[in-house]
Amino acid sequence: MPEESQSPKILYCRCAYAQVVPGDVKDGVLKSLCDSGVAFETVSDLCEMSARQDPRLKSIAEGGPVKIAACHPRAVKWLFHSAGVPLPEGDAVEILNMREESATGITGKLFNRELSQ
Amino acid sequence: MVSDEASPIQVILYEGDGSSAVPPDRRFEIFSALLDRGYAVIRAAKGSYRNGDALPATAVEADRMLVLGDFGGDAPVLEDAGGRTAIETRDIGALDGESVLEMVEKFRDDRPMNQPGAWKPWFPVIDYDRCTNCMQCLSFCLFDVYGVDDDNRIQVQNNDNCKTNCPACSRVCPEVAIMFPKYSGGPINGEPVSEQDLEREKMKVDISALLGGDIYSKLRERSETAKSRFSKERSSDKALDERKKCLIKLQGEGMIPADVLENLPSPEEIQRKAEEAAAKAQAALAAAEGGGG
């Protein structure tokens with residue numbers, strides 16, 4: 001897959017501090033990302049970063065269009081808010097729910113250049 | 001103990017100019033090993049970002065950055081032009097995931113870091129699209145987790161005080177506005193709130209009212225809350241009793257871990273905390289009412 005400078009940034013959350021995201025889904029998504037050749041960012045756990053108000057969350061929130069493979073969108077949205085860096089409203093952010101969707105479904109959306117709500 | 005270190009280390013797997021691409025299987029090994037130990041990792045390559053930089057802005061927010069790559073045995077020296085981030089480089093050659101993890105751990109040295117498995121990020125997250133600022137969570141929680149901001153808006157003030165695996169405050173929120181993302185079930189974990197959930201919450205409030213008198217049902221009318229919840233008609237003993245009963249009931253429903261109940265403060269301390277929380281909530285509500293909020 002070619003690297004595209006205009007594509008939305010990809011952020012993957014490992015949810016490493018609790019086992020609430022199915023292992024096969026988070027492994028499957030990470031494997032696809034590693035196989036793809038695209039640039040991507042990963043964090044060990046957005047909840048842990050939010051608890052610490054990690055400054056990197058600000059860069060993620062303010063860094064332009066982004067697709068976030070993580071948890072329930074309502075939780076992710078308010079985790080950023082809780083850290084003092086709300087995600088932008090509108091169509092700049094797409095949150096993909098690894099607790100509910102399959103790895104195939106998630107990766108299909110991650111590699112789609114379009115952002116959808 | 002939670003570490004407040006802003007960002008222990010930012011790890012970059014660099015596969016741009018001057019570095020050979022890492023085979024996908026090994027890339028997966030490296031990412032898995034580092035992520036599962038609590039490290040944030042970025043895969044960077046030339047032309048990855050809109051501004052032409054090899055590294056994203058996220059990376060330079062870290063105090064320390066470790067750039068890993070297959071540099072052919074000779075890791076380059078890199079500096080942050082802005083002088084903000086200390087950058088070090090390491091050649092990973094053909095190392096596997098565990099060996100790379102060992103290298104990163106050695107680099108981290110003794111800088112504190114929250115360890116997966118040893119600590120869980122457990123704290124309430126408020127959905128302000130749903131929250132009505134009724135202060136029920138503030139007056140319910142005995143551990144000073146909640147407070148109010150300068151605009152008298154409820155906020156989570158002391159994350160660290162929250163008792164791991166205890167979602168009791170979310171159970172007493174009449175608007176299902178409090179989430180614990182690490183909780184297993186919905187809607188507490190952040191799943192969309194359904195009509196059925198709302199009906200269940202209404203029933204829950206009624207049950208609470210049966211347990212503890214009229215506190216929760218009266219709380220539902222915000223304009224009346226400040227007048228009724230803290231009225232002198234309610235003795236302090238009764239308030240204490242309400243909390244105990246509610247906590248025990250929630251424990252019976254599997255909502256509160258036994259160790260939280262076992263480690264509750266003394267009755268006198270609960271009494272004092274409950275009064276403080278009630279006063280804070282009352283003051284915030286009165287101020288919000290006065291300000292038209």
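Where does A:Leu33 lie?

Tutor: A:Leu33 lies in helix H1 of chain A, where helices (H or I, at least four residues) and strands (E, at least two) are DSSP runs numbered from the N terminus. The model is a predicted one, in which local features need pLDDT of at least 70 and side-chain atom pairs count only at pLDDT 80 or more, while totals for chains, interfaces and linings use all residues. Residues are numbered from 1 along each chain as its sequence is written, chains are lettered from A and ligands numbered from 1 in the order in which they are written, and side-chain values use heavy atoms, with hydrogens and water left out.

With a relative accessibility of 0%, A:Leu33 counts as buried; buried means under 20% relative accessible area, exposed over 50% and partly exposed in between, for a 1.4 Å probe and protein chains only. Apart from its neighbours within four places in sequence, A:Leu33 is in contact (heavy atoms within 4.5 Å) with A:Ile10, A:Tyr12, A:Val38, A:Phe40, A:Leu110 and A:Phe111.

Helix H1 (residues 23–36) of chain A packs against helix H5 (residues 103–110) of chain A at an angle of about 35 degrees, and their axes are 8 Å apart; axes are lines fitted to C-alpha atoms, for helices over the stretch in contact, and angles run from 0 to 180 degrees between N-to-C directions. On the H1(A) side, A:Asp24, A:Val25, A:Gly28, A:Val29, A:Ser32 and A:Leu33 meet A:Ala103, A:Ile106, A:Thr107 and A:Leu110 of H5(A). Sorted by class, these residues are 6 nonpolar, 3 polar and 1 charged, with Ala, Val, Leu, Ile, Met, Phe, Trp, Tyr, Cys and Pro counted as nonpolar, Asp, Glu, Lys and Arg as charged, and the others, Gly among them, as polar. As background to such a pattern, an α-helix has 3.6 residues a turn, so residues three or four places apart point the same way.

A further partner, A:Phe40, carries the picture into chain B. The structure holds 6 aromatic pairs over all chains, a pair being rings of Phe, Tyr and Trp (its six-membered ring) with centres within 6.5 Å, and planes under 30 degrees apart count as stacked, over 60 as edge-to-face and the rest as tilted. One of them is formed by A:Phe40 and B:Phe31, which are tilted, with 4.9 Å from centre to centre and 35 degrees between the planes. Since A:Phe40 lies in strand S2 (residues 40–43) of chain A and B:Phe31 in helix H1 of chain B, this pair joins two chains. Both ends are buried: A:Phe40 has a relative accessible area of 1%, and B:Phe31 one of 0%.

Helix H1 of chain B, which holds B:Phe31, has a helix contact as well. Helix H1 (residues 24–36) of chain B and helix H3 (residues 97–108) of chain B pack at about 45 degrees with axes 8 Å apart, and are therefore oblique to each other; under 35 degrees counts as roughly parallel, over 145 as roughly antiparallel, 65 to 115 as roughly perpendicular and the rest as oblique. H1(B) passes H3(B) in a right-handed crossing. B:Glu29, B:Ile30, B:Ala33 and B:Leu34 in H1(B) meet B:Gly97, B:Glu98, B:Val100, B:Leu101 and B:Val104 in H3(B), and the residues of this contact divide into 6 nonpolar, 1 polar and 2 charged.

The chain totals give the wider setting. Chain A has 5 helices and 4 strands, which run β-α-β-α-α-β-α-β-α from the N terminus on. Of its 117 residues, 59% are buried, and among its contacts with a separation of 6 or more, 72% come from residues 24 or more positions apart. Chain B comes to 11 helices and 8 strands; buried residues make up 52% of its 293 residues.

Note on methods:
Left-handed = near helix turned anticlockwise from the far one by under 90°.
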